[in-house]
Amino acid sequence: MRTRRHATRAPIVAALLLAALAEGAGASPDREACRGATRLRGTFVQLTTAAAERPRAEWDTLFAEMRAIGVEQVFLQWTWADGVAFYASPDDRDAGRPIVGTLFDLAAQHGMRVWVGLAHDAGWWAGIDRSRPATEVEVFLARRRLQNLSIAQALSASVAAHPAFAGWYAPDEIDDRNWLGRERTALVAGYLEDMTVGLRNLTPGAAVAASGFGQGWAAPTQLADQWSAIVARARIDLVLFQDGIGAGKLTLADAAAYLPPLEAAVAAAGGDLGVVVELFSAAPTTAEAATAFAAEPAPLERIAAQLAQDQRWATGPLVAFSVPDYMSSLAGARGAALYAAYRGWREGCARGR
Amino acid sequence: LGTKARGARAALAAALCGTLAVAPADRPACAQAVASPAAASASYADLLVVDRSGEGFVARELRQSRSYPYLDRANRLIAQGRREEARAELEAYLERDPADLKQRYSYGVLLASLGDASGAAAQMTTVLVARPGFGPALLYRGDARQKLGDDRGALEDFAAAARSDALTPADRERALESAANVAVALGDTGAALAALRRLDAIAPDPTRGLMEAQLLVDSGNTDAALAILARVAASDAPAATRREALSRRLVLLSAQGRYGEAREAGDAALALAPDDGSLLRELAEVARHQGDDAASLAYLERAARLSPGDDVERAEVFAAERAGDTARAASVLRGLLERDPRGSARALADATSLAVLEAKLGRHDAAATLYEDAYRSSDERDPDLLVRAGRERAAAGRADLAMALFREALDAPATPRARRAKLAEELANLELASGRTADALRSLDRARRLGLDSWSIEQTRGDLLFRDGRFAAALEAYRAAQARRADPRSALGAAYALSELGKPGLAVGEMQRALDGVPPLAPESRRAALVSIGFLRAQLGQHAEAAAAWSEAQRDRLDSDLAVPLAREERLAGDLAAATAALAPLDASALPPAEEAARLDERAEIARARAARLAPSARGAGAAGVAGEVSDAERTRLLDLAADDLEQGLALDPTPDREYRLGVVYVELDDPAAAIPPLERSLAGAGPFVPSHAAALGYAYQAVGRYEDAGREFARALAADRDLLPLYEDLGNVRVKEVRNDDAIRLFEQAIDNTPLYPVDDEAERAEVEARRLRMRRQVSELSRRFSLLAYTSICFGSSNCEVGGAAPLSAGASKSQGGVELAVRPPVIGYRDGRVFELISRVLFEQEVNSIVPRGQTTVVTLGLRYKPLRAIDGYLSAERLFGAGSAAQDNVLLRGTYGWQRGYAIQPGVPHWSYTTAYVDVARTVESPQDWFFYLEGRQGLTFNFRDDTMLTPHAYLRGRFQTGDDEDFQEVDMGLGVVARWLFREDRYHDFQSSAELLPRIGYDLVNSDGRDLTLSLTAIVRF
């Protein structure tokens, strides 16, 4: 019942948003309020044990919902995490929750393509910490490379030839602090280079995507230089820059400072810049739960503002983080309401074109 | 001048009537008076002669008899004043004699006198039809038309009448005056001026100058008006007229800013009317404009004395205030208020005036009370009084009361929204001044909600939020301020907020914007910004830029706090001279201990950086010899200086980090013993455990042979950080030394697993990693070996020398044709101890038939013994074996033996196609029991090994060997040399072990250089299997 009530209100919310945005901008709804409304083309999907055990029918519903709001690309954030392989792993040490195959089939069925994320490492941030000597970070990165490539090797046979296969996604997030400076940037660029070489040896011609974010630590030009070096050396096809709004790492104004030079740098280095649109609002951390991440669906108005800004600089797709978790019928009543509101807004804008 | 102009128009109308010599009255009455004189009309009537020349006598008599009686009665009635009756008679007469223009004119005059304007106009029109341009008729018709409201028609008749010759001068003047009068009423200034100018020509009258001047003023010709007024003032006109002319000059000149002339005119007017209050006030105003406040006050005082009472006192207040005598003004007002303390509007005004004066006198509380009372006593209609009261309370230092008043004003319903917004801002400023930042912030927010939108509001909000530690909100406010105005202060605020939010990359951009902005920041702000941007750039690794910012910050004034950071950034930017210079101005003796220690730290780092530039790796190959020695000495000197500085720093302020850096300097000085104490202290100190520091200590221990300690440090470093890659092997080596072989094996295996983790950027590095891996696999092989089995056979072909005596083959190579099997077992714990090997060995040895591998059973010897390798790095063994003669020809004995081997290029070199091969081997043995014999065997080989698939080697070589035997048995000496080829196939290897087994085939051909049994050519084939 609660979900239905939210869903009923959603078109009204969308209509109000259209009006409010148009009024605020002093322009017609078609032009201003709808800027970026139809640019969201992808979403991340985080695989967990619970998600992997979800019935296929639920996944099917999710994919149908995603398709209905224009999602064409699915980024599996990882296919291995904390000892759990979400594919048929040949390694006996892995707990198996094979779901990747199902997702590929559903993606193909709904006309989507899938980017395959590799291994998630909870120790990533400790491993790359700037206070560690570069030599140790380099060793850590080498471990990551081996782990990712071993997973890619295990997966390549089943996914590389699949019609829904879009490419590989390096799940390690490249931030703007730990890699600042020529020496550290070279480390991460070398890591990604070795990985892309390894991935392309496994699947010649496959695209490779990587993601990163800014938190205000690096100057915009520094971040652009960092990514320029990475893309040029590692031949990354698609850089996904997290707008950071949901996590509170950046404000819209902050992100607006980073995106233009980043777009220019990535394009000059031969890559595409996609932007990850965070659909959530991170809950403030408390003393009791300082390390736990808690979030809830963001208001549509804020998401619309993100889309309007992000689309200006994205040469690649705008990718949600994430439709399943924050904007779908699987995401609880508020997620369902956001889905309905977003869909209503998007369709209203699409009709108004 | 609008009001004055309207007043002047009324005066003009009055003046016009005045010129007609009648009492000032309204225009119809005035006109009526003009039309009265009957005498004049009678004489004018006489001018209207009727031409009756064509009339006959009878007709004349008949006409006269019919009409005259009426005329006669009319004249008599008129004479009797019975004009209404006369009117009827005249009317009857004119019915009978309509052509009598004279009587018709008289009849019109009578009608006019009776107030029948319409009838008069009609009769005069009839007259004028018969006598066009007849002036008196025009004059009467003009009057009639004016009465009937036909001003335009009247103006035309008066103008035409003035042109008529029939009028007397007096009536012409009257006609012109009437024309001027009507023209003024019509607003036809031109016609009025024209009439007045004609009047002036025929009958000059200064009084009419006032009219003309006013008309000129109305038509915009003030200068002409002033000239006429001057003329009037100078004329002999009545005093009132001249005073009026002077007063008007005063007004006009004052309006033109010609205060001197105005004052002159006013003073002249005042001479004519000393008690004219309004003139005095005008003069006071003019004097004020002239800056002559004393004269102004004097005029006002005179004016005030003219009308005693409250108003006089108020004028006195005004004057006193104007004269700057605030106390007197306040005193008079207080008196007024005491008489009328409340209620009246006038009292309210007096109270607010007094409040102003009290404020001027610095009696702010009194002023505030007056305002408050005024507010309360006026039914709280004017919240502005509360605001004024609040301001006075604030000025009196009563901030709490002031803020309460502002809040009351804010909440008052009568306060308009826009005013409330401004009040909220003012209240915020007050709260800010009182240190109530939270309240100030709330007030500013309220001002924003009420619609106030300004840079200053946002900027102040930013400052308050920042002060409150709400940096994200502060940033938002500063950005809002920036959106409203590109002010560098907003950029500066944003930069500080971003900095606090941990966003130096964004902060540095804003800071730079603030520094580059216009108008420039205040000097102190700019300096602070330069200091901050230096730290931000240092955080971002922009060392040269950070140094530049700090250098600029210190351009005008040295900041000792910046000296060390500046030196650091200069050093990191590579400019060691600048770094040294940055430290130079510091007075070490004046610095507190911690700061002096920091200075010493930085000086030590600069010295280390200089030393690093002289490091062997940096000097290059060409800097050998004397120059190299000089550099080494200089490097040592610099590092000694660094150590000395750090020691001093530690004495002042011991910290773990400083201890560590001192230890590192000693390591760089190649003095690990000296490095150990500070490194130990660094790890024992407070603070987080740093694995790399423990590793450094471990290496120092290792360098001085304290392996156990080294192992402990390596182990805990590795436990804390598994990415310290070299430690696996190094700890493994320590464990080997500690004879913890299983631990060593595990570590080497981990190290082997880790080899893909080594960074490999080129082929040389790849080869190095492979070499490391091979080395460790061989280590593991060696450590894990529990036994070895060796079987061999050597076939000697065809030579007589293939059989040597009858003795059993006691030592290796003692026979050219022999075979055997050797089993060596390493017992646990003692079997392998850091390169020292202890084995139990057992051998079965036998000689073979010539050209055959068939053993000669009677020569078989079985041995059992011990073998020991006493030296870690030297491949030398000592052994003792009990020989059991298993064959009939064999004997029991005890064999003592020593062997030594040296080789280069013996082992496989993966990936290397070929290499040089050199071996040397010495074997000395002696049987202890009878027969007691000495056996010597020496062999050297020099060859070239070819590598096939990394597991097969082919080594063609030349050899030289000697065999000697002496003792109880027959002596024997042989030295031969020849060529051979070793074909060796390696097998039994895995991930962690190098090849553990091999099979070897060795064909040889040699010739005896010396042989006690006779020289010969020998061909042999030896096969060896090691497992």
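## Strands S8 and S9 of chain A

Strand S8 (residues 165–174) of chain A runs parallel to strand S9 (residues 207–213) of chain A, and six bridges join the two. Two strands are taken to pair if DSSP finds at least two bridges between them; helices (H or I, at least four residues) and strands (E, at least two) are DSSP runs, numbered from the N terminus. Within this pairing, A:Gly167 stands opposite A:Ala207 in S9(A).

The model is predicted, so that local features need pLDDT of at least 70 and side-chain atom pairs count only at pLDDT 80 or more, whereas totals for chains, interfaces and linings use all residues. Residues are numbered from 1 along each chain as its sequence is written, chains are lettered from A and ligands numbered from 1 in the order in which they are written, and side-chain values use heavy atoms, with hydrogens and water left out.

In chain A, eight strands form a closed barrel with parallel pairing, in the order S1-S2-S6-S8-S9-S10-S11-S14. Neighbouring strands of this sheet are turned against each other by 30° on average, direction ignored. Axes are lines fitted to C-alpha atoms, for helices over the stretch in contact, and angles run from 0 to 180 degrees between N-to-C directions.

Helix H8 (residues 182–202) of chain A lies across S8 and S9 of chain A and runs at about 160° to S8(A).

## The disulfide of chain A

Over all chains, the structure holds one disulfide, a term for a pair of cysteine sulfur atoms within 2.5 Å. A:Cys34 and A:Cys349 form this bond, with their sulfur atoms 2.1 Å apart. The pair links distant parts of the chain, 315 residues apart: A:Cys34 is in the loop between helix H2 (29–33) and strand S1 (40–45) of chain A, and A:Cys349 is in helix H13 (residues 332–351) of chain A.

The torsion about the S-S bond of A:Cys34 and A:Cys349 is about -75°, and the disulfide is therefore left-handed. Both cysteines, A:Cys34 and A:Cys349, are buried; buried means under 20% relative accessible area, exposed over 50%, and partly exposed in between (1.4 Å probe, protein chains only).

A:Ala126 is in helix H6 (residues 124–127) of chain A. A:Ala126 counts as exposed because its relative accessibility is 56%. The C-alpha atoms of A:Ala126 and A:Val137 are separated by 9.4 Å, and the two residues are eleven residues apart along the chain.

Key:
Contact = heavy atoms within 4.5 Å.
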